[in-house]
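Please keep the sequence and the structure in view while reading.

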Amino acid sequence: MREGDNITLKWNYTIDGSIGVAQFLNATDDASIAAKFGDGDPTVGPEYQERFKADISSTLAQLTIITVQRSDSGRYKFALTSTKVVAISNEVELKVECK
């Protein structure tokens with residue numbers, strides 16, 4: 001990924017039940033980027049609102065970083081617990097290079 005570009009990280013999944021809690025985390029420092037509770041809309045944390053957008057449905061979660069910066073390099077995690085107490089999580093690593 002090149003600095004200045006936009007990137008969307010995507011997670012596809014199938015769950016039993018509906019979403020209980022879903023969350024995007026900066027796994028490098030374990031900080032919450034955005035969370036969704038039940039049928040509500042995802043809420044992006046104040047320190048991320050300017051450049052991060054979150055979308056979470058019953059089968060797809062997307063985290064978009066606008067104008068990615070080198071400081072955005074690191075591990076990102078998506079974690080979800082369904083109403084039937086089924087938990088899933090997955091982590092990806094983003095490497096940002098200078099243009």
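Asp 55 stands opposite Gln 62 in E6. The model is a predicted one, in which local features need pLDDT of at least 70 and side-chain atom pairs count only at pLDDT 80 or more, while totals for chains, interfaces and linings use all residues. Residues are numbered from 1 along each chain as its sequence is written, and side-chain values use heavy atoms, with hydrogens and water left out.

Strand E6 covers residues 60–65 and is joined to E5 by five bridges, the two running antiparallel. Strands (E, at least two residues) are DSSP runs numbered from the N terminus, and two strands pair if DSSP finds at least two bridges between them. Strands of a sheet pair through backbone hydrogen bonds, either parallel or antiparallel. Here, three strands form an open sheet in the order E1-E6-E5, with antiparallel pairing. Strand E1 (7–12) and strand E5 (52–56) each have a single partner strand, so one side of each is left without a neighbour in the sheet. From one strand to the next, the twist averages 10°, where axes are lines fitted to C-alpha atoms and angles run from 0 to 180 degrees between N-to-C directions.

The aromatic side chains come next. A pair of aromatic rings is described by the distance of the centres and the angle of the planes. Rings of Phe, Tyr and Trp (its six-membered ring) pair if their centres lie within 6.5 Å; planes under 30 degrees apart count as stacked, over 60 as edge-to-face and the rest as tilted. The count by this rule is five aromatic pairs. One of them is the tilted pair of Trp 11 and Phe 24, at 5.6 Å centre to centre with 50° between the planes. This pair links strand E1, which holds Trp 11, to strand E2 (residues 19–26), which holds Phe 24, across 13 residues of sequence. Trp 11 and Phe 24 are buried, that is, under 20% relative accessible area with a 1.4 Å probe and protein chains only.

Tyr 13 and Phe 78 form a stacked pair, 5.5 Å centre to centre and 20° between the planes. Tyr 13 lies in the loop between E1 and E2 and Phe 78 in strand E7, 65 residues apart; both are buried. Trp 11, Tyr 13, Phe 24 and Phe 78 form one aromatic cluster.

Strand E7 (residues 74–82) also holds Leu 80, which is buried with a relative accessible area of 1%. Beyond its neighbours within four places in sequence, Leu 80 is in contact (heavy atoms within 4.5 Å) with residues including Tyr 13, Ile 15, Val 21 and Ile 88.

Key:
Helices (H or I, at least four residues) and strands (E, at least two) are DSSP runs, numbered from the N terminus. Buried means under 20% relative accessible area, exposed over 50%, partly exposed in between (1.4 Å probe, protein chains only).
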